[in-house]
Amino acid sequence: MRAIFRNSPLPRYYQLKEVMREKIRSGEWKPGDLIPSERELGEQYGISRMTARQAITELVNEGLFYREQGKGTFVSRHKITQQLIRLTGFTEDIQARGQRPSTKTLSAQMVLADEATAERLHVKQGRQLFRLHRLRLADDEPLAIETSLICFIGCEKLLEDDLEQNSLYQLLETKYGLPPIEAEQELEAGLASNDEAQVLRIPVGSPVLFTRRTTYTERNQPIEYAKSVYCGSKYTFYTRMNREQLLP
Ligand code: 16G
């Protein structure tokens with residue numbers, strides 16, 4: 001059993017979150033399982049109930065757990081939560097839930113930037129871009145279709161990369177030295193078209209979420225403009241807001 005260390009620089013609630021994530025990842029806790037109460041976790045790991053509560057609440061907010069009034073806290077079944085706080089990629093989001101991400105490349109080719117895309121990527125219309133059309137899955141279940149338009153000098157080298165076995169964000173960072181640092185994202189409700197429904201294996205007209213994300217690397221340089229279609233029934237987007245003090 002993974003322990004919680006008193007003299008670790010990591011806060012105890014954070015260590016407990018990692019312990020619980022590991023239990024999901026390893027399959028010890030399965031979707032629909034009731035997790036131990038705050039008191040039980042506190043006793044088991046030698047921490048306060050408050051600390052246990054904080055860890056549970058954060059995993060509820062991240063979508064890994066859900067609460068049922070009067071019954072307790074359970075391991076979530078289907079919905080994947082994408083946090084709109086930290087910039088993460090699909091692979092990271094799915095792995096954080098203890099599921100196995102995979103990718104099917106629908107197409108990968110060089111294209112010329114149209115007017116709208118050129119504007120998003122701050123380049124001239126007609127510039128060569130790498131276009132990647134992917135189906136993204138978790139534990140072999142289709143979740144989203146993503147179309148990424150990628151722009152940097154030498155982006156055609158991506159044609160030679162294995163984009164089914166590698167995370168795009170990771171390749172950009174480690175191979176090309178272009179870490180994704182910031183992103184803007186729009187969300188819009190919609191209904192699955194014939195083609196989308198077929199690829200996502202859902203009925204035509206099912207609710208979907210359309211997203212448009214522009215990702216920036218260092219010095220505010222756009223590197224990716226991605227248009228995606230997420231299954232509405234399988235995804236939650238989570239954000240946390242606070243009222244900032246108005247500056248005088
Ligand atoms: C996310 C991004 C997508 C990006 C991908 C990278 C949205 C709407 N989209 O799915 O733009 O290409 O992550 O994931 O969230 P990867 O590193 O697993 O390839």
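Helix axes are taken here as lines fitted to C-alpha atoms over the stretch in contact, with angles running from 0 to 180 degrees between N-to-C directions, and the helices themselves are DSSP runs (H or I, at least four residues) numbered from the N terminus. The model is predicted, so that local features need pLDDT of at least 70 and side-chain atom pairs count only at pLDDT 80 or more, whereas totals for chains, interfaces and linings use all residues. Residues are numbered from 1 along each chain as its sequence is written, and side-chain values use heavy atoms, with hydrogens and water left out.

**Helix packing**

| Helix pair | Crossing angle | Axis separation |
|---|---|---|
| α1 (residues 12-25) and α3 (residues 49-61) | about 55° | 8 Å |
| α2 (residues 38-45) and α3 | roughly 115° | within 8 Å |

Helices α1 and α3 pack at an angle of about 55°, which makes α1 oblique to α3, where angles under 35 degrees count as roughly parallel, over 145 as roughly antiparallel, 65 to 115 as roughly perpendicular and the rest as oblique. Their crossing is right-handed, a term used when the near helix is turned clockwise from the far one by less than a right angle. In contact (heavy atoms within 4.5 Å), residues of α1 including Tyr13, Leu16 and Met20 meet residues of α3, among them Ala52, Ile56 and Leu59. By class, this contact has 7 nonpolar, 2 polar and 4 charged residues.

Helices α2 and α3 are roughly perpendicular to each other, and α2 also passes α3 in a right-handed crossing. Glu38, Arg39, Leu41 and Gly42 of α2 make the contact with Arg49, Ala52, Arg53 and Ile56 of α3.

**Domain contact**

An automatic or database domain assignment divides the chain into domain 1 (12-75) and domain 2 (80-238). The C-alpha centres of the two domains lie 31 Å apart, and their contact takes 7 residues from domain 1 and 7 residues from domain 2. The area buried between them (the accessible area, with a 1.4 Å probe, that two parts lose on being put together, summed over both) is about 620 Å², of which carbon and sulfur atoms give 46%. Arg25, Asn61 and Glu62 supply 59% of the area that domain 1 buries against domain 2, more than any other three residues.

Notes:
Helices (H or I, at least four residues) and strands (E, at least two) are DSSP runs, numbered from the N terminus. Ala, Val, Leu, Ile, Met, Phe, Trp, Tyr, Cys and Pro count as nonpolar, Asp, Glu, Lys and Arg as charged, and the others, Gly among them, as polar.
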